[in-house]
Amino acid sequence: MTEKPKLSIGLIGSGFMGRAHVFGFATAQKAFDLPIQIDLHTIADITDEAAAKAARDFGFRHATSDWREMLENPEIEMIDITAPNALHKEMALKSIAAGKHVYCEKPLAPLASDAHEMAEAAESAGVKTQVGFNYLCNPMVGLAREMIEAGELGEIRGYRGLHAEDYMTDALSPATFRHDPAGGGALADLGSHALATAEFLLGPITEVMGDCVTVIAQRPDGKGGRQKIEVDDIGRAFLRFGNGVTGSIEGNWISTGHKMQHDFEVYGSKGALYFNQEHFNELQFYSTEDASGRCGFRRIEAAPEHPPYGNFCVAPGHQIGFNDLKAIEVAGFVSAIAGSGREMFSFRKGLRIQHLVESIQKSACQKQWVSTESYLQTGLMK
Ligand SMILES: NC(=O)c1ccc[n+]([C@@H]2O[C@H](COP(=O)([O-])OP(=O)(O)OC[C@H]3O[C@@H](n4cnc5c(N)ncnc54)[C@H](O)[C@@H]3O)[C@@H](O)[C@H]2O)c1
């Protein structure tokens with residue numbers, strides 16, 4: 001048997017997402033017939049101790065407290081960034097300049113202008129990029145898009161999207177990197193996922209009307225003082241899509257009781273879909289063609305008929321998990337690096353979502369609708 005070429009990875013950050021990416025790398029190789037073999041080369045964190053522990057726990061061959069060292073190593077071909085948002089730009093630009101492919105968590109960068117610089121740099125350098133919009137990897141979200149495109153819902157008449165969690169509900173919990181005015185806020189952090197799903201299902205959003213609200217005005221700064229909070233706890237927007245559909249999204253991190261509510265509803269002239277991430281192996285479908293007295297939402301359970309569910313489990317209804325979505329994301333990206341297929345969500349897509357976030361913030365400040373069409377026409381979204 002000929003050995004597959006090796007792709008050596010340098011991972012920056014060993015927190016929540018660093019761990020999820022490592023599971024993604026491990027599972028992707030088992031679940032998919034990848035064209036390459038993934039090599040966990042080096043992991044970086046802020047101290048030698050944290051990096052060494054992560055290397056031991058996750059199976060990396062080397063550890064460093066200086067991520068820049070990885071850029072000088074010609075063996076490492078892909079840099080994976082799971083560090084705080086405000087660091088993404090510098091880490092990505094330096095990695096691209098060193099000729100590395102870059103996988104970066106969302107939100108891609110603090111500002112759309114930063115994301116634009118990153119997308120342009122990657123394209124000029126000819127490296128592959130991917131942003132972590134893992135919810136789009138869910139087979140049931142793919143099924144929803146397929147059903148919409150096939151006309152099973154008839155003419156689409158409305159959309160409601162939501163990404164709500166409650167990890168910032170406690171006003172006494174200290175400010176984190178997520179409160180940094182550079183790249184922080186519930187809209188950027190969670191609303192970015194809701195916007196990515198909305199466009200994945202219904203195409204480009206051309207106008208937005210936003211409302212961004214800071215509910216908890218101050219938080220402990222973690223050093224015995226208080227920090228003024230300048231970013232939103234809730235970001236909402238009304239949306240108009242290019243295909244004429246209207247709708248709304250919300251990003252919310254003080255939604256008491258909700259741990260992972262990445263939900264959407266799409267309704268049309270012939271039917272409707274309802275999806276709830278807390279039960280993400282299911283898609284609810286309502287058909288107006290059901291007999292009177294027999295109609296209601298029916299539960300479609302994830303099954304091998306919904307690729308790539310079957311790569312994880314041969315039996316319907318047994319369910320896949322959050323880290324499996326990362327494995328699907330990893331499989332897509334490393335295949336693109338190996339030359340089979342395009343990246344699913346490149347930096348260009350990350351730029352697009354960042355621009356929508358900023359358009360909503362601008363609309364909230366100006367208290368008026370903001371068009372995103374002129375931006376679409378500038379060629380930035382090629
Ligand atoms: N796609 C998703 O579903 C999802 C979910 C959660 C977080 N995220 C994103 O992932 C990123 C990380 O979030 P998290 O929840 O994992 O945060 P975290 O705080 O759990 O982990 C961040 C890690 O980065 C390390 N780090 C910080 N500065 C560093 C530096 N200079 N060099 C090396 N390492 C450094 C920290 O020590 C920590 O290990 C954020 O951009 C966040 O928005 C995405």
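Which helix gives the largest share of the shell around the ligand? Helix H1, residues 16-31, does, with 3 residues; helices here are DSSP runs of H or I with at least four residues, strands are runs of E with at least two, and both are numbered from the N terminus. The model is predicted, so local features need pLDDT of at least 70 and side-chain atom pairs count only at pLDDT 80 or more, while totals for chains, interfaces and linings use all residues. Residues are numbered from 1 along each chain as its sequence is written.

The shell around the ligand holds 22 residues, of which Gly13, Gly15, Phe16, Met17 and Glu105 come nearest. By class, the shell has 10 nonpolar, 8 polar and 4 charged residues. Here Ala, Val, Leu, Ile, Met, Phe, Trp, Tyr, Cys and Pro count as nonpolar, Asp, Glu, Lys and Arg as charged, and the others, Gly among them, as polar.

The largest nonpolar core has 98 residues, and Val102, Ala144, Ala198 and Val266 touch the most other members. Helix H7 (residues 186-202) gives the most to this core, with 10 residues. Both domain 1 (6-134) and domain 2 (139-279 + 281-315) supply at least three residues each, with bounds from an automatic or database domain assignment. A nonpolar core is a set of buried Ala, Val, Leu, Ile, Met, Phe, Trp, Tyr and Cys residues joined through C-beta atoms within 7 Å. Buried means 20 or more other C-beta atoms within 10 Å of the residue's own, exposed 12 or fewer, and partly exposed in between, with C-beta atoms placed from the backbone. Leaving aside neighbours within four places in sequence, Ala198 is in contact (C-beta atoms, placed from the backbone, within 7 Å) with Tyr159, Gly161, Ile205, Leu239, Gly247 and Ile249.

Some backbone geometry remains. Most residues other than glycine have a negative phi, and most peptide bonds are trans. The bond from Lys106 to Pro107 is cis, with omega near -15°; Pro107 is in the loop between strand E5 (101-104) and helix H5 (112-125). Pro307 and Pro308 are also joined by a cis peptide bond, with omega about 0°, and Pro308 lies between strand E16 (298-301) and helix H8 (309-312), in a loop.

Gln319, not a glycine, has a positive phi of about 80°. Gln319 sits in the loop between H8 and helix H9 (322-337), and is partly exposed, with 16 other C-beta atoms within 10 Å. Lys367 has a positive phi near 55° and counts as exposed, with 9 C-beta neighbours inside 10 Å.

Technical notes:
Two residues are in contact if their C-beta atoms, placed from the backbone, lie within 7 Å. A residue is near a molecule or strand if its C-beta atom, placed from the backbone, lies within 6 Å of it.
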